[in-house]
Amino acid sequence: MTDIERRLRNVVLSAASVKAVLPWLPICLFTDVDAATTLRATEALLGAHATSSNKLRRLVRHTRLFDIILDDAVRTRWTPRSDRERALVTPPRKGAVEKHVRDLIRERKLKVKSRIGRIMNLGRGPFEVTLFVDDDTFFCKQPRDLVDAFRELHRRKDTYDVRAKIFTKTATEDRFQTDAQRCVWAHATAEHPFSAGLHLRCGDRASRGASYCSGAQGGALAVRSGPGAEAFALAWRDAYLDFYEHVLFEDEGLFSSTTTQHVVKNVTTSTEHGPTHQTRSFGGDQAPLARLMNRTCHAVSSSDGAAGPPPTRTKNWTVGALPSSINVRDTDRSLKNRCVAPVFGPMLVLHHKKYVNHGNLSEAMDRLDDLCERTNRPHHRGGAVWLGNKTTEPTSMRKCAFMFNSHASSHAAAAASSSSSRAERKARKAEKLSAKKLLRQQAKLREKQQKLLEKMRRRNASTGVLLLNGTTTTTTPPTVLFDSHNAAATFSSGTSSSSSSSTTTLGSLIATSHFLARRFGASTTASRRRRRRRRLRSSSSS
């Protein structure tokens, strides 16, 4: 494999994944290699593996991989404006540093040069709407969803100049994302299931044309051709060059014109208006983009003289949100964060070097097709995306914040609290009424018991004790006890006995009292009869 073929390997893999799904979709390639050399290297790469792969064999026979090949902007449209800019892309001379350090610096400066070209190419899209993707991308076999996403991007092209995967760092932008997710969950039906198109419509509805200001991931950008895209590309290029000029020449202790070997170290710097950004290696473009977006929003806010949060629209260009399924960076993280960073609809574009860098073209295509198939399975089968609609998701999975409308949930909470307070008041009222009723019943029972005991005393003046359930106790009135836990009334004797205090229910006490009354009453009548018979016998004998 030649050096050109090695450089084009990932580009060919990404383009082949597109043509395998949508062979009619035109592809444009920006490269610093001339068109004839590019075509020869592409044919060599495809032909070397076509014999072992039916997919590549069909591509070689029936499809032209690149419909348009354009020169990279850094090759024809950019020249360094100063010595500092020239130093950013010029490799060190031989002998200045050790060979391994020189090779590393050369690699980093080639990266800077390629990033400048990639940024400037954003303003040169040959189509009305162009999806710019890195070479480490792979398109999954989802033709219907891809067509739906591209059509929706074209239909809504006038809303934003640029769309990207957004990094939200403000409460307003977090609310935009959450409202968009709630909208997708609420509007997904069997006829219109979860999809990138629905996510795009809901995202625009939530943001209402407001431009994001916190930064974006530049590996997949949907750009509308026009002056807005050109202004955005030039502004990003200038911000990129200013960023690394400052890092390379002005940050003491990090870099200087004589210690270029420090280019290989990580770079950490802070923006003027916002949090600290870090590039993992020299030449990254996300930190300059975040700085540009944040600074532009604040500049427009200052010029408008408005106080408070940054405005929602810049002067020359706007940045909107791209559906998450068009730029999936990590399938494992998407599986773990189905609520935090949901992918609505099947994954369409996979974007990371760790997935595409291994194996030859045929092996990589088979491996990535299998990864797409596993990722786009339903969740109960191990998938990492949201498929179908909310009625097809199992109840156990309905725990995400976007599944509940914030206003509806607040009203429901207020209604629940008011109903619970009404129920509590009703329960307290019923408890009071039942307590009063019970007290009246207890008073009536005590009154009946007093009358019964008084009647017994009058009939049995000589008897001083009563036998209640085998326990000896005096004839003092019983005391009523109320157990609020089991709501049962019991009666205690209220006095001490030889063994323990006797407690019995009212029915048992009344039954025992009636039994004693009948017992003593029957004994008294028999004695009266005996005395009467004795008087009669004595009178008859006399």
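A surface patch here is built from residues with over 30% relative accessible area and no salt bridge, with like charges joined within 9 Å. Keep in mind that this is a predicted model. By that rule, R528, R529, R530, R531, R532, R533, R534, R535 and R537 gather in a positively charged patch on the surface. Elsewhere, the structure holds 24 salt bridges, and a few of them are picked out below.

**The arginine patch**
- R528, one of the patch members, sits in helix α16, which covers residues 506–541.
- R528 counts as exposed, since its relative accessibility is 54% and the exposed class starts over 50%.

**Around E152**
- Setting aside neighbours within four places in sequence, E152 touches G197, L200 and R201.
- E152 also pairs with R156 in a salt bridge, 3.8 Å from N to O; R156 is partly exposed at 24%.

**R224 and D158**
- These two side chains form a salt bridge at 3.6 Å, N to O.
- R224 is in strand β6 (residues 216–224) and D158 in the loop between α7 and β5 (162–166), so the pair ties together parts 66 residues apart in sequence.
- R224 is partly exposed at 22%, while D158 is exposed at 59%.

- D370 and R374 make a salt bridge with their closest N and O atoms 3.0 Å apart.
- Both lie in helix α14 (residues 361–375), 4 residues apart, so about one helical turn separates them.
- D370 is partly exposed at 38%, and R374 is partly exposed at 37%.
- Salt bridges with shared partners link E152, R155, R156, R163, R201 and D204 into one network.

Note on methods
Residues numbered from 1 in each chain as written. Predicted model: local features only at pLDDT ≥ 70, side-chain atom pairs only at ≥ 80, totals over all residues. Heavy atoms only, no water. Patch = residues over 30% accessible without salt bridge, like charges linked within 9 Å, V, L, I, M, F, W, Y side chains within 5 Å. Areas by Shrake-Rupley, 256 points an atom, 1.4 Å probe, with all protein chains shown as cover. Salt bridge = Lys/Arg side-chain N within 4 Å of Asp/Glu carboxyl O. Lys, Arg positive; Asp, Glu negative; His and termini not counted. Charge placed at Lys NZ, Arg CZ, Asp CG, Glu CD. Helix = DSSP H or I, 4+ residues; strand = E, 2+ residues; numbered from the N terminus. Buried < 20%, exposed > 50% of the residue type's maximum accessible area, 1.4 Å probe, protein only. Contact = heavy atoms within 4.5 Å.
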